[in-house]
Amino acid sequence: MNPMSAPSASAQHDSFLRLYTEHEPALRGFVRSLVSSREDAREVMQELAVALWRKFESLADPAQFRAWAFGMARMQVLAWRRDQARDRHFFGEEAMTIIAEQAERMSTQLDAQREALEDCVAKLPADQRSLVSRAYAPGVRIDDLAAQLGRSAMAVYKTLHRIRIALVECTRATLAKEGLS
Amino acid sequence: MRPNDPRLEALHRHAEGIDSAEDVALLEQAVLNDAEFRAFMIEYLHIDSALPEYVGEAAESLRPEREPVRTTRRWFIPATAAAALIITASLWFMRPEADIEVEVLRVADSSLRVGQRVKMQTLALDHGEAQVRLPSDVKLTLSGAGEVRFIDPMHARVTRGKVTVDVGERGKGFVLDTPQTRVVDLGTQFGVEARGDGLTDVMVIEGKIELHDDQRVTPLEQGEALRVDAQRGQQRIVNITGGALPSDWSTGAPPKECSIASVADNFEPVEDYHFYRILPRGLAPGAASYVNRTQVWGPADGKAFPSALMNADLVQTFRGARKRQAYEMQLILTRPCTLYVLMPKSERTPDWLARDFTLTGDEVTLRNGDVGSRIQMPCEVWQRVVTEPGVITLGAAPRKSQGVPLTMYGVAAKPLP
């Protein structure tokens, strides 16, 4: 790169921050679809953010950031899986590739669904919103939460599952109404 | 997909990280062979990944927000039920006032004393302000000349004047009758002004209320406001002038020294009931950015809040405005000023912004709930020097390359020295 035309480190950092902030929710969702727990997704995302910043200089066209970052995310998930204990259960590589390809194809729809999610969460009954808030707070263990609520952990898991299904259906219905599905 | 599909059960254990080898095998087969299930699983896990973003907002579990559409938000009542409601409402309105004991919490320019407990049927002021706590824990503030009559601890009637109500935890269901409508609180803070011209203004500061008349129930949510006339007609109130306290609200114009006289948009009159709140000299770290959300403005990481923005006149916008592609906001500016747009960073600068504004190099952030919380969105500060009072039109919120709207921007103005 011509040093005269090279962006300053600060401008590059700024550019990275802007792109990463914009695409982070989509990347987080993408990674989440390839690993088997929220905690796993958090670990991969931490590693991914560092990897993206280190390689950012090699990205010639900022308009390609999203596709590039998705490709990096796939590699990061594969590397992370290799480091995990052998008794962990993972999808085979064929299944993972199919999921990754489909998630990339669906990315515009998934962005719109995340937008619609805001209204769908607001439409949940107050007790369900409260449960989501408590269950998804950082560091919360479901068995601790269940004990506080006087319920079994499995009952809380199942309620959260029903809420997530309801939210998928609500976001699909919203997109259909807006002609985006 | 059937609710008892065993793959759904496996998916829920997979999502929670408590899946077995059998679950993974079952899901893997589904992923390889069933495109419909595969799409569902991807959507389900994306939603799972996005839900932590709602922790701050969902914690305030009585603060829902939805896009209002007038045709669906009113619950029209069948004729027989309406007749019963008219009779019931008439009986309600005929109920006599009663003495209740209130505690005086705050007074300004009034003969009442703070801490005083007094039995009263009517709270009336010629001027000043008084805040009282009812036995139901409901806090009611009467600002300026007005009169409130008490019926019981959960029911009052404002005959004239401006009242702000904070129902607290125990006061859910509190009823405030006005000359034109009945307000039923669903856990919130709201304001009502029974005006001398026969109109009643109702605005929701936080939470949710319902307006009841003999024909319908109209739900209103945080950041929405309506004017009700003698014929029960309803009209959106577009501008609220705010102040330091929740009771410092007015549907009147901002003070003369404020650079912004009013805000309008291109929503149809029946399409949206959100208002814009103008806060004279209100921009500072921690100032609320939206009328219907809890996000606040804060400094960029490791930097001070831009001094140029401190104490600027602020327009609090509402989040739903970002979804409209052809959105326009018109500002009436009263004097030469620097107009600022606090724009979420995005790949694509909106054309209207690049054309009419210049980047200042300053940055601010949107933060979730309070100024010390994590950054939700970095924003760039754009400015335009306006040398003549007049109308300035702003455009739509930025969109991602896929067309999905980013967060709604903020607006502020500071008079030129």
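Predicted model: local features only at pLDDT ≥ 70, side-chain atom pairs only at ≥ 80, totals over all residues.
| Item | Value |
|---|---|
| Area buried between chain A and chain B | about 5800 Å² |
| Residues of chain A in contact with chain B | 60 residues |
| Residues of chain B in contact with chain A | 60 residues |

Carbon and sulfur atoms give 60% of that buried area. On the chain A side, Glu22(A), Phe91(A) and Glu118(A) lose the most area to chain B, and together they make up 12% of what that side buries.

Now for the elements involved. Chain A brings two or more residues from each of H1 (9-32), H4 (93-105), H5 (107-123), H6 (126-135) and H8 (153-177), all helices. H5(A) gives the most, with 13 residues. By class, the side of chain A that touches chain B splits into 27 nonpolar, 16 polar and 17 charged residues.

One helix pair is worth a look. The axes of H8(A) and H3(B), residues 35-50, come within 9 Å and cross at roughly 110 degrees, so H8(A) is roughly perpendicular to H3(B). H8(A) puts in His161(A), Arg164(A), Ile165(A), Leu167(A), Val168(A), Thr171(A) and Arg172(A), while H3(B) answers with Ala39(B), Phe40(B), Glu43(B), Tyr44(B), Ile47(B) and Asp48(B). That contact counts 7 nonpolar, 2 polar and 4 charged residues. Arg164(A) and Asp48(B) also join their side chains in a salt bridge, at 3.6 Å from N to O.

Note on methods: Residues numbered from 1 in each chain as written. Chains lettered and ligands numbered in written order. Heavy atoms only, no water. Contact = heavy atoms within 4.5 Å. Buried area = accessible area lost by both parts, 1.4 Å probe. Salt bridge = Lys/Arg side-chain N within 4 Å of Asp/Glu carboxyl O. Helix = DSSP H or I, 4+ residues; strand = E, 2+ residues; numbered from the N terminus. Nonpolar A, V, L, I, M, F, W, Y, C, P; charged D, E, K, R; others polar. Axes fitted to C-alpha atoms, helices over the stretch in contact; angles between N-to-C directions. Parallel < 35°, antiparallel > 145°, perpendicular 65-115°, else oblique.
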